[in-house]
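Open the model in your viewer and keep the selection tool at hand. The stops below are meant to be taken in order.

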Amino acid sequence: MSKSQRLTKQKTAILEILRSVDTHPTAEWIYQEARKEIPGLSLGTVYRNLNQLRDNGEILELNYGSSQSRFDGTAQNHYHFRCTQCGRIWDLPMPVMKTVENKAKVLKNFQIDGHRLEFYGTCEDCQQEGKAAI
Ligand code: ZN
Ligand code: MN
């Protein structure tokens, strides 16, 4: 197998793993899964591929400051809910509000290319745990 074939195989495997889940996994998790298919794979290679896929607009990187980035195989804009207790992230199936971009546009002379919206709070599982503790 040539070098470029190997690189393509790695990238395809990483993308397939990411698109097979809706849990917005970390690079570490993707690495653990991809290793099962590609034994010689390194974590650095996984990061490099994820960065390239992000730069090409094929995936999203969800960055939360101090904690590890999470990755999203759905590149087109959609909204998220993040649990502040367990850190998990879900997609919220609601339409993207185009009108907020028009509202923002009239405020300043900025060219608006998009927007992000994230809801946060406590997920169902963590609410249950909270009740059990009382
Ligand atoms: Zn939770
Ligand atoms: Mn998502």
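Which strand gives the largest share of the lining of the largest pocket? Select strand β1 (residues 60-64): five residues of the lining come from this strand. Helices and strands here are DSSP runs, a helix (H or I) having at least four residues and a strand (E) at least two, numbered from the N terminus.

Before going further, note that this is a predicted model, in which local features need pLDDT of at least 70 and side-chain atom pairs count only at pLDDT 80 or more, while totals for chains, interfaces and linings use all residues. Residues are numbered from 1 along each chain as its sequence is written, chains are lettered from A and ligands numbered from 1 in the order in which they are written, and side-chain values use heavy atoms, with hydrogens and water left out.

**The largest pocket**

Stay with the largest pocket, whose volume is about 280 Å³. Now select Leu 60, Leu 62, Asn 77, His 78 and Arg 116, the closest to the pocket centre of the 15 residues that line it. A pocket is found on a 1 Å grid over the protein atoms alone, as an open set of points with protein on both sides within 12 Å along at least five of seven lines; lining residues have an atom within 4 Å of a point. The volume is the space filled by probe spheres set on the points, which are joined across faces, edges and corners, and the probe is 1.4 Å.

**The manganese ion**

Select ligand 2, the manganese ion, with its protein donors His 24 (NE2), Asp 72 (OD), His 78 (NE2), His 80 (NE2) and Asp 91 (OD), which lie 2.0 to 2.3 Å from it. Donors are N, O and S atoms within 2.8 Å of the metal (3.2 Å for Na, K and Ca), and sites may look incomplete because water is not among the atoms. Along the chain these donors follow the spacing H-x47-D-x5-H-x1-H-x10-D. His 78 and His 80 are both buried, where buried means under 20% relative accessible area, exposed over 50% and partly exposed in between (1.4 Å probe, protein chains only).

**The zinc ion**

Next, select ligand 1. This zinc ion is coordinated at 2.3 Å by the SG atoms of Cys 83, Cys 86, Cys 123 and Cys 126. The site is tetrahedral, with angles of 102 to 120° among the four donor atoms; four donors count as tetrahedral if all angles lie between 85 and 135 degrees. The spacing of the zinc donors along the chain is C-x2-C-x36-C-x2-C. Cys 86 lies in the loop between β3 (79-83) and β4 (89-92) and Cys 123 in the loop between β5 (118-121) and α5 (124-133), so the pair ties together parts that are 37 residues apart in sequence. Cys 86 is partly exposed, at 33% relative accessible area, whereas Cys 123 is buried, at 5%.

**Strand β3 and its partners**

Colour β3 by burial: four of its five residues are buried, so the strand is largely enclosed by the rest of the structure. β3 pairs with β4 in the antiparallel sense over four bridges, and with β5 in the parallel sense, also over four bridges. Two strands count as paired if DSSP finds at least two bridges between them. For the β4 side, select Arg 82, which stands opposite Ile 89. For the β5 side, select Phe 81, whose bridge partner is Phe 119. The hairpin of β3 and β4 has five residues between the strands, and Gly 87 there takes a positive phi near 85°.

**Salt bridges**

How many salt bridges does the count come to? The count is six, a salt bridge being a side-chain nitrogen of Lys or Arg within 4 Å of a carboxyl oxygen of Asp or Glu.

Select Asp 125 and Arg 88, whose side chains meet in a salt bridge at 2.9 Å, N to O. Asp 125 is in helix α5 and Arg 88 in the loop between β3 and β4, so this pair ties together parts that are 37 residues apart in sequence.

Move to Glu 33 and Lys 36, which form a salt bridge with their closest N and O atoms 3.0 Å apart. The two are three residues apart in helix α2 (residues 27-37), separated by about one helical turn. Glu 33 is partly exposed, at 26%, and Lys 36 is exposed, at 62%.

Finish with Arg 54, Asp 55 and Glu 61, which are linked in a network of salt bridges. Within it, the closest N and O atoms of Arg 54 and Asp 55 are 3.1 Å apart.

Methods: Tetrahedral: all angles 85-135°; square planar, octahedral: opposite > 155°, others 65-115°.
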